[in-house]
Amino acid sequence: MSTITNQITIANHKIFKNGVLFFEADPALSFKDFLKASWKNLKVKYPKFYKMDEISKLGMLAAEVLLMDIPYTDIAQEDIGVVLSNAHSTIATDINHWNSVSNDSAFFPSPAVFVYTLPNIMIGEICIKHKLKGENAFFISQQYDEALIKRHINLLMAQNKIQAAIGGWVDRSEEDYLAEIFWIRK
Amino acid sequence: MKQVYFTGDNIISSLGFSSQENFTSLLQAKTGIANFEIPGYYPEPFVASMIDRNKLHALIPDKRFTLLEKMMLLSVEDAVKSAGVDIKSDKTIFLFSTTKGNIDLLEEPISAQFETDRVYLWKMAEVITKHFGNPNRPMVISNACISGVLAINTAAMLLQNGDYEHAVVVGGDVVSRFVLSGFMSFHSLSPEPCKPFDAHRNGLSLGEAAGTVVLSVYPNKQEPRFIFAGGASANDANHISGPSRTGEGSYIAIEKAFKEAGIGSGEIDHISAHGTATPYNDDMESIAIKRHALSRVPVNSLKGFWGHTLGAAGIIETVALLHEMKNNTMIQTVGFSEPGTVEPLNVITKPVEKELNTCLKLASGFGGCNAALIVKKVTL
């Protein structure tokens, strides 16, 4: 069977690593500035981060803090999966794109925005940064259904399609955000 | 592990509202892609594959459902009829595949008719599942252009494990101002109907469609029967909007699907590729296919018929593959005339009769994602 060894929660401008406070920022900061401050604190050189939409940044941040302590080089890249979920897909970025095309006289779609209107782009960003080439899936549910994510990962492991995975929830509505991700290994 | 059978299917597209109607058009090389000029809907003329919306609204006049929901309702209804499955049973699970769902609700004045949460994919799934009286919470997969293949793979895995006995896998997306403008900004829309694998291919054509496959652990009564033999997904880990130059993710997905099916390249009779007709995608697939020594296997892309139907693509193209296998006839790649991929492919240019026992379906998408699935014909 599989074991969850590490967990990250990001909410209310606080990052918890395995239940312990890892980083916190001024609650008065905007979500955007919180993401920026959190990433800066990690001292990771990765300029691409700043080009991403906010929900991808949230997922990237969670994955970075999650994987920093995990030795996984013994597992082949194609045997590590990423299975994430949320309720609101990419609604904030969708509205952003929509505002640039809704009016005939102000019609300025941008590929740099549009590409982020797919929730699995966050998975792609995480895979690129950490060289993970295994199974991908992005599920949408009204609430975080951890059992569904674990079942999917466990079935993939039982079929020997992956040996380890990042799983969890990375959600952003127009009002709030929450990331809860874990590392699970066979 | 339980055997999983394909027991029912449907396609709702520009080429008709049933699998049979669609397959007949495919055999006749009739494309559903056309030119549109609709002021107010889109600021400039566009090329796309659109369903007969008037016919759809006449069939389902109920204003409580959105355009996409109506397409999916009709698709599921027809597919379960042919499968003879009890959709109200707790042993039946619904899986949805879509990239943008009811995103057209962002547009005024459609949005005024629906609650704001209707734009969320879980809500759309809930509305449809409730309509059919299914007691299980539906699963929704939104993983770009591999969503359809991934949803079938996921459903099969649940059935193999015995979690459910039947799965209704429905996928769909509509052509909207939202999606058209996005692909336009990428300069990935072809100014004419798309030309998969062709030397002069110049981008994709968008399409709207819904499709359903019903999977079951019980075989259907009629021969021939088709089983899900294997499936997998993988990531290129290379670029979010450009496919890998080595076909890495596609290669891995095919490799793992082969492993599950317990077969090798030599057993593949036919490949139904993703074939979007963008220069990069088609080259990438030719490379992945070559790396598996599959270059001589007859391959087609059906994007020239329906356009790229996003969340529906993997489903309706798998349905078409099942019908190709049933009829032992491979469909031609409409739009293709001159070879032009970086690695040579055996592109099908006219309907070809061939005994089809083991076939491979491919899909790739933004986010570097790739998927593969293998269908086998069996006699009991």
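With which side chain does the side chain of B:E69 make a polar contact? The partner is the side chain of B:N102, at 3.0 Å; a polar contact is here a pair of N or O atoms within 3.5 Å, where within protein one must be able to donate a hydrogen and the other to accept it, and residues adjacent in sequence count only if both atoms are side-chain atoms. The model is predicted: local features need pLDDT of at least 70 and side-chain atom pairs count only at pLDDT 80 or more, while totals for chains, interfaces and linings use all residues. Residues are numbered from 1 along each chain as its sequence is written, chains are lettered from A and ligands numbered from 1 in the order in which they are written, and side-chain values use heavy atoms, with hydrogens and water left out.

B:E69 lies in helix α3 (residues 67-83) of chain B; helices (H or I, at least four residues) and strands (E, at least two) are DSSP runs, numbered from the N terminus. With a relative accessibility of 0%, B:E69 counts as buried, the classes being buried under 20% relative accessible area, exposed over 50% and partly exposed in between (1.4 Å probe, protein chains only). Apart from neighbours within four places in sequence, B:E69 is in contact with B:R64, B:N102, B:R118, B:M124, B:V127 and B:I128, contact meaning heavy atoms within 4.5 Å. B:M124 is 55 residues from B:E69 along the chain, and the C-alpha atoms of the two are separated by 7.1 Å.

In helix α1 (residues 19-27) of chain B, the buried residues are B:S19, B:N22, B:F23, B:S25 and B:L26. They lie on the same side of α1(B), because they cover an arc of only 160° around the axis, the arc being that of the directions from the helix axis to the C-beta atoms. An α-helix has 3.6 residues a turn, so residues three or four places apart point the same way. The cover over the buried residues of α1(B) includes β1 (5-12), α9 (303-306), α10 (313-327) and β12 (329-330) of chain B. After α1(B) comes B:A29, with a positive phi near 60°.

The interface of the two chains brings 55 residues of chain B into contact with 53 residues of chain A. Between them the chains bury about 4,500 Å², of which 63% is on carbon and sulfur atoms; buried area is the accessible area (1.4 Å probe) that two parts lose on being put together, summed over both. In chain B, the residues that lose the most area to chain A are B:W122, B:M157 and B:I240, together 14% of what that side buries.

Across this interface the rule finds 28 residue pairs in polar contact, both residues at pLDDT 80 or more. On the side of chain B that touches chain A, at least two residues each come from α4 (121-131), β5 (139-141), α5 (147-160), α6 (177-185), β9 (225-235) and α7 (248-261) of chain B. The largest share, eight residues, comes from α6(B). This side divides into 29 nonpolar, 16 polar and ten charged residues, with Ala, Val, Leu, Ile, Met, Phe, Trp, Tyr, Cys and Pro counted as nonpolar, Asp, Glu, Lys and Arg as charged, and the others, Gly among them, as polar.

The rule also finds seven salt bridges across the interface, a salt bridge being a side-chain nitrogen of Lys or Arg within 4 Å of a carboxyl oxygen of Asp or Glu. A:D94 pairs in this way with B:K100, the closest N and O atoms being 3.0 Å apart. Both A:D94 and B:K100 are touched by A:T117, which is placed in the loop between α4 (111-114) and α5 (121-130) of chain A and counts as buried at 1% relative accessibility. A:K161 forms a salt bridge with B:E260, with 2.6 Å between the closest N and O atoms. A:K161 lies in the loop between α6 (146-158) and β6 (164-172) of chain A and B:E260 in helix α7 of chain B, so this pair joins two chains. A:K161 is buried, with a relative accessible area of 5%, whereas B:E260 is partly exposed at 21%. A network of salt bridges links A:K133, B:E248 and B:R291.

Over all chains the count of salt bridges comes to 26. Within chain B, B:E317 forms one with B:K361, the closest N and O atoms being 3.0 Å apart. B:E317 lies in helix α10 and B:K361 in strand β15 (residues 358-365) of chain B, so the pair ties together parts that are 44 residues apart in sequence. B:E317 counts as buried at 2% relative accessibility, and B:K361 counts as buried at 0%.
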